[in-house]
Amino acid sequence: MKRWAPYLLLIAGGLLLIGRRQIGELSEEILALLNSVQRRVLSLRVLILHEAERWNVAPSLIAAVMHIESVGNPNARSPKAAIGLMQVLCTTAQMMGYQGTCNDLYNPNINIFYGTQYLKRQLDRYGGRVDYALAAYNAGTAYGSSGQFSNQKYVNDVMRHLTAYRSLI
């Protein structure tokens with residue numbers, strides 16, 4: 001039995017309901033309406049879905065984090081040395097058992113694996129509270145659960161894109 005779902009597109013900062021699509025497929029017409037960042041992120045859909053299943057994290061959340069962290073650029077590097085699609089610090093990956101080189105974190109497979117694992121740890125740490133988990137993901141291990149986010153814009157941006165990606169991935 002085929003499953004169908006409504007899909008939304010983020011257009012000019014607003015959400016627009018376009019129609020319905022078969023789950024698992026994105027038509028060329030839909031891809032043409034997406035912005036370049038969304039297309040880059042969705043080009044990694046198979047990897048995102050694989051790690052989402054492995055870590056029991058919503059694929060739309062992984063995609064939204066990737067969208068904000070790196071604009072879908074696997075070669076992104078922050079001034080604080082965060083690397084790749086999900087902007088993983090080498091020390092954070094090492095804390096989770098990573099034994100490769102820091103440069104290997106540019107590999108999308110490795111980066112999404114460790115980025116999603118870290119996101120899952122934050123979700124577990126904060127009882128599934130996505131807003132707290134995102135604030136902690138962005139702020140690093142020193143983040144507390146006061147509810148006062150110094151990075152509220154980051155949390156809001158990811159949450160806005162999460163809504164769009166829920167129906168795209």
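This is a predicted model: local features need pLDDT of at least 70, side-chain atom pairs count only at pLDDT 80 or more; totals for chains, interfaces and linings use all residues.
**Entry 1: salt-bridge search**

I searched the whole structure for salt bridges and got 5. I then went through some of the pairs, looking up the helix and the accessibility of the partners.

**Entry 2: helix H3**

Which residue does Arg54 pair with in a salt bridge? I found Glu51, with 2.8 Å between the closest N and O atoms. Both sit in helix H3, which covers residues 45-55, and they are 3 residues apart there, so about one helical turn separates them. I looked up accessibility for each partner. Glu51 has a relative accessibility of 4% and is buried, because the cut-off for buried is under 20%. Arg54 comes out at 44% and is partly exposed.

**Entry 3: helix H6**

I took the pair Asp124 and Lys120 next. Their closest N and O atoms are 3.2 Å apart, and they form a salt bridge. Why are they about one helical turn apart? They are 4 residues apart in helix H6, which runs over residues 108-125. For Lys120 I read a relative accessible area of 19%, and this residue is buried. I noted the cut-off again here, since buried means under 20%.

**Entry 4: helix H8**

I then looked at Lys153 and Asp157, whose side chains form a salt bridge at 2.7 Å, N to O. The two residues belong to helix H8 (residues 152-166) and are 4 residues apart, so the separation is about one helical turn. Is Lys153 buried or exposed? Lys153 is exposed, at 60% relative accessible area. Asp157 is buried, at 15%. I also checked whether this pair stands by itself.

**Entry 5: Ser70**

Where does Ser70 lie? I located Ser70 in helix H4, which spans residues 59-70. Its relative accessibility is 4%, and Ser70 counts as buried. Which residues does Ser70 contact once its neighbours within four places in sequence are left aside? I found Ala76, Gly84 and Leu85. For Leu85 I looked up the atoms involved: its backbone oxygen is 2.7 Å from a polar atom of the Ser70 side chain.

How values were computed. Residues are numbered from 1 along each chain as its sequence is written. Side-chain values use heavy atoms; hydrogens and water are left out. A salt bridge is a side-chain nitrogen of Lys or Arg within 4 Å of a carboxyl oxygen of Asp or Glu. Buried means under 20% relative accessible area, exposed over 50%, partly exposed in between (1.4 Å probe, protein chains only). A polar contact is a pair of N or O atoms within 3.5 Å; within protein, one must be able to donate a hydrogen and the other to accept it, and residues adjacent in sequence count only if both atoms are side-chain atoms. Contact means heavy atoms within 4.5 Å.
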